[in-house]
Amino acid sequence: MTINMTLIGQMIAFAIFLWFCMKYVWPPITKALEERQQRIRDGLEEADRARAELSQANEQAEETLRESREEAARILEKARTRANQMIEDARDDARVEGERMIANARSEIDSEVQRAKEELRAQVATLAVQGAERILESSIDEKKHREMVDRLAAEL
Amino acid sequence: MAGETTSSTYYITHHLQNLTFGLHPEHGWSFAHSLEEARQMGFWAIHVDTMGWSIATGLLFLWLFRHLGKTATTGVPSGIQNALEMVFEFCEGIVRTSFHGQSRLIGPLALTLFCWIFFMNALKWLPIDLFPQIFARFGVDYMRIVPTSDPNVTLGLGFAVFGLIIFYSIRNKGLGGFAKEMAFTPFNHWSLVPFNLLLELVVLCVKPISLGLRLFGNIFAGEVIFIMIALLPFWIMWVLDVPWLIFHILIIVLQAFIFAVLSVVYLNAAFEEH
């Protein structure tokens, strides 16, 4: 219980411990903790940035999706009008073709009729001459009467 | 009855006697074999047990935190590292809240004081007779293992802090500034200079003594109570022993904390201009 040299020894021990703590203990721990703080701060900042980027990317995707949807709608609309157009065209073509075919047929029929008329006319002339020959039973100057009969046939 | 009283007295005084090595007027440099011999040695003696245990706990503290400093990873801390970092940040918190100057000394000072005093106090958790009995087998008569129940330790720490207060006061304010502060506070008038000086000197000198005696008083009183409890019959001991031990979980940490905080506060005053 007496005060003695222990007091001085204790002061010296304390001074040494304090010096050692100041020199070799405190700085590395502070450094490590500060580094960890820095890392955590960096990590949080990184997370914030990533979150911002993510929302931006989402917006962009949304935008792209909307655009492509609009594009698809536009293409579809175009295709529909085009199909209608094609049907309309085809219908027109078909009508024109049909009309042309009808006209062709009509003109063919006309020419056919004409030809039949011609043939009939030629045959009628011959038949008339033959008939007349038979009726008259006389020789008629064929050349002379032929001309006459031809004129007659033309008048038919 | 008389015999029992003397044996109790002997038990108590024996437990409160340090292992002393010193210059005895008759035997020269030697270990004291009795209270009487220790007393005759006077100032030129050293408490070997106190020094040994305090240095051992100090080294334990330095080793633990040196180890932490070396292995501290910047990643996720775990286990013992986490616990030590908590203590470290606790001491850093003391400094941040109580100290407003710039100094590389204050942080390590708070950590050293808090942890060292805590470890020294914590030796009180060990059974009171364990180490004296072990050492008695090796022929060592006296062994007090709690260094902070020795006023030499607590006052030594107090005076060390006092020395730092004086050193930093003079370094930051200059000798003149320090003297002026002593002479003109609290009353800023030349006629009251002697009164101020007296008051400030008392205030200054009370700081280390109050620091040392508060710690010593708490720990010493606790130890005496433990010794008294140890005198009871063994089957009833736990009734008083257990609550007292649980109470000391608080005392041990609290006294270490108070010593560290007050030292930081005193040093803050040494750094601050008035």
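This section describes salt bridges, a strand hairpin and selected residues in a predicted model.

The UniProt record, in an unreviewed entry, lists residues 6-26 of chain A as a transmembrane region. In the model, this segment is 100% helix and 0% strand, and its end C-alpha atoms lie 27 Å apart.

Over all chains, the structure holds 14 salt bridges. One of them pairs the side chains of A:Arg36 and B:Glu85, with an N to O distance of 2.7 Å. Because A:Arg36 belongs to helix H1 (residues 5-136) of chain A and B:Glu85 to helix H4 (residues 80-98) of chain B, this pair joins two chains. Both A:Arg36 and B:Glu85 are buried.

A:Glu112 is partly exposed at 44% relative accessibility, and A:Arg115 is partly exposed at 44%.

In chain B, strands E1 and E2 run antiparallel and are joined by four bridges. Together, E1(B) and E2(B) form a hairpin with three residues between them. Within this pairing, B:Gly22 has B:Ser30 of E2(B) as its bridge partner. The loop between strand E1 (20-24) and strand E2 (28-31) contains B:His27. This histidine is partly exposed, with a relative accessible area of 47%. The side chain of B:His27 makes a polar contact of 3.2 Å with that of B:His24. The C-alpha atoms of B:His27 and B:Gly158 are separated by 33 Å, the two residues being 131 apart along the chain.

Elsewhere in chain B, B:Arg144 occupies the loop between helix H6 (130-137) and helix H7 (151-184). With a relative accessible area of 2%, B:Arg144 is buried, because the class is defined by values under 20%. Its side chain reaches two backbone oxygens: that of B:Ser149 at 2.8 Å and that of B:Leu16 at 3.3 Å.

Conventions. Residues are numbered from 1 along each chain as its sequence is written. Chains are lettered from A and ligands numbered from 1 in the order in which they are written. This is a predicted model: local features need pLDDT of at least 70, side-chain atom pairs count only at pLDDT 80 or more; totals for chains, interfaces and linings use all residues. Side-chain values use heavy atoms; hydrogens and water are left out. UniProt positions are given in the numbering used here, feature names are shortened, and annotations may be inferred rather than shown by experiment. Buried means under 20% relative accessible area, exposed over 50%, partly exposed in between (1.4 Å probe, protein chains only). A polar contact is a pair of N or O atoms within 3.5 Å; within protein, one must be able to donate a hydrogen and the other to accept it, and residues adjacent in sequence count only if both atoms are side-chain atoms. Two strands pair if DSSP finds at least two bridges between them. A salt bridge is a side-chain nitrogen of Lys or Arg within 4 Å of a carboxyl oxygen of Asp or Glu.
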